[in-house]
Amino acid sequence: MFRAIGIGYSRSLPAAAALNWLLKEGLGRLSRCIYTASLASAFDTNLKRVRFSTSVLFSLSLGVELLTPAFPQYFLVLASLANMAKQISLACYLATGSAVHRSFAIADNLGEVSAKAQIQTVCFDNLGLLLAALLNVLFKNSQRLQTALPFFVYPIFSVIDLFAIYQGLKHVHLQTLTKDRLEMILNTWIELGYVPAPAEVSKEEGIDFLRSKDKGLWPIRIGYLDPKNQIPELSIMTMRSTSGEDYYFISMEIFYTRIRRSRRQGILICVREGASTTDIVMGLLQVGEFV
């Protein structure tokens, strides 16, 4: 990337190179703020999917950075896109790291697990630097081979990295209840008569990178009545008949999908402030009898 902005050549302009670099870093940090602010809740509800998706994004950003020497006239565009992707990946890594480490802390030893994770990261970083130095020494007499070497090494190590992340996420058993996990537990309890262990739920949940399992979920939304959607008259009557002891009620709702703007029907478990996990479980159980 330094070669792409002209550092090392007599014709390079230091001020222009510095400005391009600052713009690249600034755009990357801005995208990181926007991403974390808009998708903060996804770090808890879809942790594995988001973590693996941003890992793929990080690998692609490294490939874009490799293209900057080949297209120096588009340095700012390519470098900014790559840095935006890397900043988004970093934000996801930091946000989900504590939840991943907590899943392995079986004896309230979160600090120990986090320290060992940092040791693994440092060890593999040093191993990568050592390998890069050895390859540069081996091909020091051939500038063409040194230039082409990253393009051969990058896809191999990217595949290894993503495969290791995918396998590692399979062993992350999250203890928190989300709507998807709760539906899996209730399905097992209704059909088979027992409550599955976190490891069993984690295995069924998987990573679901392509969101293929979303189609099998119940058409239920947990939240509040959205005034933007069409509210059926029956829902209004149900809401008026609730008392102070009722923390939720069940109603139908009509909404429009964002992409195709098609009209769909769903079930809403409308909860009010003070509702507990027990209330949500009871609501899902009542709805599950009709789904």
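Predicted model: local features only at pLDDT ≥ 70, side-chain atom pairs only at ≥ 80, totals over all residues.
1. Residues are numbered from 1 along each chain as its sequence is written, and side-chain values use heavy atoms, with hydrogens and water left out.

2. On the fold: there are 10 helices and 3 strands, taken as DSSP runs (H or I of at least four residues for helices, E of at least two for strands) and numbered from the N terminus. Their order along the sequence is α-α-α-α-α-α-α-α-β-α-β-β-α.

3. Have a look at helix α5, residues 110-138. Its 29 residues reach 42 Å from the first C-alpha to the last, close to the 42 Å expected at 1.5 Å a residue (1.5 Å times one less than the number of residues). V113, S114, A117 and L135 are buried in α5, and the buried residues of this helix pack against α4 and α6.

4. Contacts (heavy atoms within 4.5 Å) are also worth a glance. Of those with a separation of 6 or more, 64% join residues 24 or more positions apart.

5. Finally, the surface. The protein exposes about 19,200 Å², and carbon and sulfur atoms supply 64% of that area, computed by the Shrake-Rupley method with a 1.4 Å probe. F152 sits in helix α6 and is exposed (over 50%), at 61% relative accessible area.

Key
Buried < 20%, exposed > 50% of the residue type's maximum accessible area, 1.4 Å probe, protein only.
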